[in-house]
Amino acid sequence: MPLLSCLSRIWSHIQGNLFPWLSEELGPLTETHKQVITALEVAGVEAFVQVWPGLPGRPPHDRAALARAFVAKAVIGLPTTKMLIERLAVDKTLRRLCGWEHPGEICSEATFSRAFAEFAQSALPSRIHEALVKRTYEGRLVGHISRDATAIEAREKPVKTAPAAERPKRKRGRPRKGEVVEKKEPRRLERQGEMSLAEMLAELPKHCAVGTKRNAKGHTTNWIGYKLHLDVADGDIPISAILTSASLHDSQVAIPLATLTAGRVTNLYDLMDSAYDAPEIKAKSVALGHVPIIDAHPRSVPGGKEAVAAEALARRTAGYRPAEEVRYNGRSAAERVNGGLKDDFGARHVRVRGNPKVFCHLMFGVLALTIDHLMRLVT
C-alpha cells in the first residue's frame with residue numbers, strides 16, 4: 001500500500017471512529033488531547049511494554065500507563081516529570097487517556113523515575129520508533145537521507161578521560177638498517193570498514209563530555225553533555241538516531257548511522273555537510289547503493305577556502321546550478337528536525353543523567369515528532 005494511502009487509512013480511523021467515541025466517553029477533546037490520542041494510537045505502546053506475568057509478590061504499577069504518560073509528556077512538551085504529574089491530576093481527559101481513572105491512582109514521582117530507568121535500560125522508545133519506521137516504509141523507496149548532529153546540554157559533570165599516550169618520535173627519512181618502525185594505528189573511520197554495527201556502536205564514546213563547535217556566525221561555542229546524530233528522510237521524518245559524547249566529531253558516527261538506517265529503509269541519496277567529507281564515508285555510502293552528496297571541505301580542494309568561494313560565486317554569476325547542488329538544499333530537513341526537537345519535544349530540557357536515560361528522554365521526543373510529521377502528510 002502506498003505511504004499516503006497507509007497514513008490516510010490510519011487518520012480516517014482516528015478521525016472517524018476514535019475521536020467521536022472518546023468524545024462521548026471522556027467529554028470534549030482539545031487539540032492537545034487529539035495530538036496525544038493520535039500519538040498513542042500510532043505508536044501502539046502496549047505491544048512493547050513488559051506485562052506482569054502474575055508471579056508471587058506485589059505486582060508493579062501499570063507500565064503501559066506510565067509509558068503512555070511519557071509519550072504524552074513528549075507530545076505536550078512538558079519539561080519535567082513533576083509537571084506531568086500535576087497535569088495528570090487536574091486534566092481528567094489526559095489522565096484517563098494514559099490509563100488512570102482517579103487522581104489517587106496516579107503513581108508517585110519516585111515510581112515514574114523507576115519506570116523511566118526500566119524504559120531506558122530496555123530502550124523502549126527506540127524500539128517503538130524503529131518498529132514504526134519499518135512498518136511505515138516497508139516496500140517503499142526514500143529519496144534523500146539528510147545526516148546531521150546537534151548539541152544536547154546535560155546537567156552533569158563531564159567525565160575526565162586519560163590523555164592518549166604519545167608515540168615516540170623518530171627522525172624523518174628512511175629507517176636505518178634493522179630499525180623496526182611501528183605501524184600507525186588505523187583511524188576509527190578506517191577500522192569501521194571492517195566492523196559490524198554492534199562493534200561500531202560499542203566503540204563510540206558515550207560519556208558526558210565538553211563539546212565545541214563553530215556556529216553559523218563563525219563564533220566558537222562550548223557545551224557540556226552529549227551530541228545527538230540523526231538521519232532524516234524526506235518530509236522531515238527521523239529514521240535513526242545515535243547519542244554520543246559531545247566531544248566526538250560528527251564524521252565518526254556517519255558509517256554506523258548509515259548502516260543503521262540501511263537496515264530500516266531503502267534510500268537513493270545521502271546528504272551531508274563538509275564535516276562528513278572523508279573518502280571512507282563516501283565509499284560506505286556507495287557500497288550501500290547510495291549516491292553521496294557531500295559539501296566539499298576546503299582541505300580536500302586545491303586552493304582551500306578561496307577556491308571553494310570562487311567556484312560558488314562563478315556558479316551564481318552564470319545562473320547554473322548542478323543537480324547535486326539542488327538536491328543538497330534538502331539537507332536542511334535535518335536542521336529543521338533538530339530545531340523542532342529542542343523547541344517542541346523536550347530536547348532542550350534534559351533533567352536526567354547518563355547516556356541511556358538521556359537517550360531515552362530524547363527518543364520519546366523523536367517518537368512524538370516522527371508521528372506528528374507523518375500525520376502532517378495527510379492532514
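The model is predicted, so local features need pLDDT of at least 70 and side-chain atom pairs count only at pLDDT 80 or more, while totals for chains, interfaces and linings use all residues. Residues are numbered from 1 along each chain as its sequence is written, and side-chain values use heavy atoms, with hydrogens and water left out.

**Exercise 1. The chain as a whole**

Task: state how many helices and strands the chain has, and what percentage of its residues count as buried.

Solution, step by step:
- Begin with the elements: the chain has 15 helices and six strands. Helices (H or I, at least four residues) and strands (E, at least two) are DSSP runs, numbered from the N terminus.
- Next, burial: 43% of the 379 residues count as buried. Buried means under 20% relative accessible area, exposed over 50%, and partly exposed in between (1.4 Å probe, protein chains only).
- Finally, contacts, meaning heavy atoms within 4.5 Å. Among those with a separation of 6 or more, 67% join residues 24 or more positions apart.

**Exercise 2. Two partners of α15**

Task: find out how α7 is oriented against α15, and then how α3 is oriented against α15.

Solution, step by step:
- Take helix α7 (residues 124-137) and helix α15 (residues 355-376): their axes come within 8 Å and cross at roughly 25°. Axes are lines fitted to C-alpha atoms, for helices over the stretch in contact, and angles run from 0 to 180 degrees between N-to-C directions.
- That angle makes α7 roughly parallel to α15. Angles under 35 degrees count as roughly parallel, over 145 as roughly antiparallel, 65 to 115 as roughly perpendicular and the rest as oblique.
- The contact includes L124, I128 and L132 of α7 and F359, M363 and L367 of α15. By class it has twelve nonpolar, four polar and no charged residues. Here Ala, Val, Leu, Ile, Met, Phe, Trp, Tyr, Cys and Pro count as nonpolar, Asp, Glu, Lys and Arg as charged, and the others, Gly among them, as polar.
- Now turn to helix α3 (residues 63-76): its axis and that of α15 come within 8 Å and cross at roughly 70°. That makes α3 roughly perpendicular to α15.
- This contact is made by A67, F70, V71, A74 and V75 of α3 and F364, G365, L367 and A368 of α15. These residues divide into eight nonpolar, one polar and no charged.

**Exercise 3. D231 and R264**

Task: for D231, name the side chain with which its own side chain makes a polar contact; for R264, name the residue whose backbone oxygen its side chain reaches.

Solution, step by step:
- Locate D231 in strand β3 (residues 220-233). D231 counts as buried because its relative accessibility is 0%.
- Its side chain makes a polar contact with the side chain of T261 (2.6 Å). A polar contact is a pair of N or O atoms within 3.5 Å; within protein, one must be able to donate a hydrogen and the other to accept it, and residues adjacent in sequence count only if both atoms are side-chain atoms.
- Locate R264 in the loop between α10 (254-262) and β5 (266-272). R264, at 14% relative accessibility, counts as buried.
- The R264 side chain reaches the backbone oxygen of I239 at 2.8 Å.

**Exercise 4. G346**

Task: decide whether G346 is buried or exposed.

Solution, step by step:
- G346 lies in the loop between α14 (332-344) and α15.
- Its relative accessibility is 9%, so G346 counts as buried.
- G346 and P79 are 267 residues apart in sequence, yet 6.3 Å apart in space, C-alpha to C-alpha.
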